[in-house]
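Hi there,

Here is the structure I promised to pass along. Have a look at it first, and my notes follow below.

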Amino acid sequence: RPVQYLADYRPYPFTLSETRLDITLAPTGTRVRAEIDMQPKDARNAADLMLDGGAGLRLGSLTIDGAAPDPAFVRREGEVLTIGAAALPRTAFTLATEVEIDPEANTAFEGLYLSNGIFCTQCEAEGFRHITFYPDRPDVMTTFRVTLRSDLPVLLSNGNPVASGAGWAEWHDPWPKPCYLFALVAGELVAVRGSFTTRSGREVALNVWVRPGDEDRADFALVSLIKSMRWDEEVYGREYDLEVFNIVTVDDFNMGAMENKGLNIFNSKLVLASPETATDADYERIEAVIAHEYFHNWTGNRITCRDWFQLCLKEGLTVFRDQQFTSDMRSAAVKRIEDVQVLRARQFREDQGPLAHPPRPDRFEEINNFYTATVYEKGAEVIGMLKRLVGDEGYARALDLYFARHDGDAATIEDWLKVFEDATGRDLGQFKRWYTDAGTPVVTMTEEWQDGTLALHLRQETPPTPGQPDKPARVIPLAMGLIGPNGDEVLPTTVLELTEPRQSFRFEALGARPVVSMLRGFSAPVMLRRQLDDSARAFLLAHDTDAFARWDAGRDLALSALAAGASGEAGAGGAYVAAIGRLLADEGIDAAFRALCLQLPSEEEVATHLHADRTVPDPAAIHAAREALARDLAEAHEPVLAEIYTRLRSEGPYSPGATASADRALRLAALHLLSRIDGGERAEILFGTAGNMTERMGALAALVRLGRAERALAAMRDEFGSNRLVMDKWFSVQVMAAPPETAVAIARELAARPDFDWKNPNRFRALMGALAANHPAFHAADGSGYDFTADWLMRMDPVNPQIAARMSSAFETWVRYDADRRARARQALERIAALESLSRNSSEMVSRMIA
Ligand code: HT7
Ligand code: ZN
């Protein structure tokens, strides 16, 4: 298939008014009868009818208004079936097809497949074409009526149930939708049931469908759903619009979850939770993803995307909404810091390498390769900036207008920006560059102080990215404040709008030189460069009124200590260690914030930081520097860390809420530091006594890092050997936390185990993702991390190309390392590229990486 370009978009020449599907399910021979009512948009200029259809569709019959067309006008080439215009009526007609498909052979988990005996579907982005012939594009919308036939007890599809009998069920979805939102599920499932009354008084039945035996782990998901439904009514005025909302869990799933209309399908790891099997992070993520998929009902389903280039229209906005939701449910400050950590770790890294692309790309070969941190997380940041620029009221007006104007539409980024322009009167021409230009802007700030006037000189530059060598200036909202020498705020948060490549701002009549608190709340996804000495950073960590900026000052201190340590400077962390001491002693600071400050930047983050400073990162040296700094912290603050660890012992029943999980986070942060000097004694005891998975996993990670986890790992395997989700953690922690010199060998051993069920995406990710996340091991100097990963990507590619291609991004930073590592990484990538019948997914990824 050729490269797709945004500029080539053309509307589909037919309107669809209804799709009827009659599906008889069988593992190797499922029959799909489709009837599509359609009409040419322009009766005078007849167009050929082009339908997408994968190679696996065995076409039985095809009729138009009940008669077979002249075969001379029917062509099947690649993934497209064409019926010549001459064989089509000029008015409304019904196209009927019958195909047979083989769900059991579907290991790619795209289209209709079987997961542990459950039939389920995944149609986003282009999976529906593996179910039947159809215009598989998001701007073709219609209502669906679906009949499912099977002996399985539960038969589900989108919309409302119409009727059912022995061996069949009929569903009708009254809301026009593109086929990527189609879903069906059939299997032996049980429901955990609830209900919700909408603010206009409609009763909605809620079901979370799980396998028998899992019912006791679905309550949290159900409660999260109810909270999400209430929140979307209260904050965005959005009400649910069907009689029933079904969530189904499956074990084999390529991503986290899918927002099919009225029938969300979830990876079981994002639904099933109990204190004994799930960590606090799992609980937080379940709440967020349940909300995310639910929020798509309006931002994605009622208003969808015109084409896949507009993916961030629904994903960026829905991530932004789920982030707001979590802020409201938990702590806004903590959530903001966590989101920035993810953005820096994943999106900044993406922007620095050969896979950099704008939130709205303008070309792709395989759209599945663009479900990225840039589309999702940067897409959300762009909306956060927009909100800051137009204000909360302007944002609320714009969103109301968006829903009113575009309900039922397949919309574009241009439509989205126009709504903001019309609602607020603001010209967003320059702002649009955030959508069209790739790369992380670097904002450099210098200060000038004279006679009570502080001048800030700002410069913005965005490094070149593939296909975009020159970047014009963007509008960058910089939230800032000024703190006087005594720690009082002399200028509360103010937003500077940087619109030029260079711009200066002045603050006059200041009594004494203040310290500038810049990029408060991380008001723009940029890298800030400024000359700030350690004492000023420590001052901000102690006094800034903005929680994010405060945390960031501490992180800057840690980063500069680690960068210096990695370049061989001894004792570089003194200022950081002292600042953390003051923070720990301050009982007025909440546990969540202290826990965040105690976590050292990841080694990946240090490498990204060094690369941005044009330094070649040395993974082994970064690792050694980080270990040394952790030990310095532990030695300097042992008494207070030990006191925290003892005082925050879990008591009473487990609660996954923000307060209790903050205490556990702080306790575990203390444990991780203490384990550097107590030989793992506390971790050993905690692993054996903890009543919740959060503390058990925290303890286990500490033991793995010390190389003394053998007993704990055996105990965990004995206890949870039949629980897939816990065993995923078991696989993952052994590689992720392993000392770099042993990690690849451990990964190799684990991959040889019979329970390394590698065709299951969660299990594959648990192992391979863990190795990619172990920075010094993946980038081992002998290339063993690269080779092991490449071998497995080559094995996975013919089985599940989406999973292989996504995992290949482990290599996306390869160009920033030394010549020796670069040569080994290139070799590994070239081996993948040379694979016979490499999928389009992996081929695009690898060729972009070695371009
Ligand atoms: N919109 C969905 C994205 C998605 C997906 C989900 C599961 C399997 C394959 C998938 N391809 C794309 C999920 C979301 O962002 O909400
Ligand atoms: Zn989404």
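Let's start with residues 71-181: their end C-alpha atoms lie 32 Å apart, and the span is 0% helix and 50% strand. Helices (H or I, at least four residues) and strands (E, at least two) are DSSP runs, numbered from the N terminus. An unreviewed UniProt entry annotates residues 71-181 as "domain: Aminopeptidase N-like N-terminal"; UniProt positions are in the numbering used here, feature names are shortened, and annotations may be inferred rather than shown by experiment.

Before going further, please note that this is a predicted model: local features need pLDDT of at least 70, side-chain atom pairs count only at pLDDT 80 or more, and totals for chains, interfaces and linings use all residues. Residues are numbered from 1 along each chain as its sequence is written, while chains are lettered from A and ligands numbered from 1 in the order in which they are written.

The domain assignment (bounds from an automatic or database assignment) gives domain 1 (1-188), domain 2 (304-436), domain 3 (442-530) and domain 4 (532-660). UniProt, again in an unreviewed entry, lists residues 439-530 as "domain: Peptidase M1 alanyl aminopeptidase Ig-like fold". That stretch is 0% helix and 54% strand, with its end C-alpha atoms 19 Å apart.

How do domains 2 and 3 meet? Taken over C-alpha atoms, their centres are separated by 23 Å. In contact (C-beta atoms, placed from the backbone, within 7 Å) are 15 residues of domain 2 and 13 residues of domain 3. On the domain 2 side, α4 (332-352), α5 (373-406) and α7 (433-436) each supply at least two residues, and α5 gives the largest share, 5 residues.

Best wishes

Definitions and conventions: Contact = placed C-beta atoms within 7 Å.
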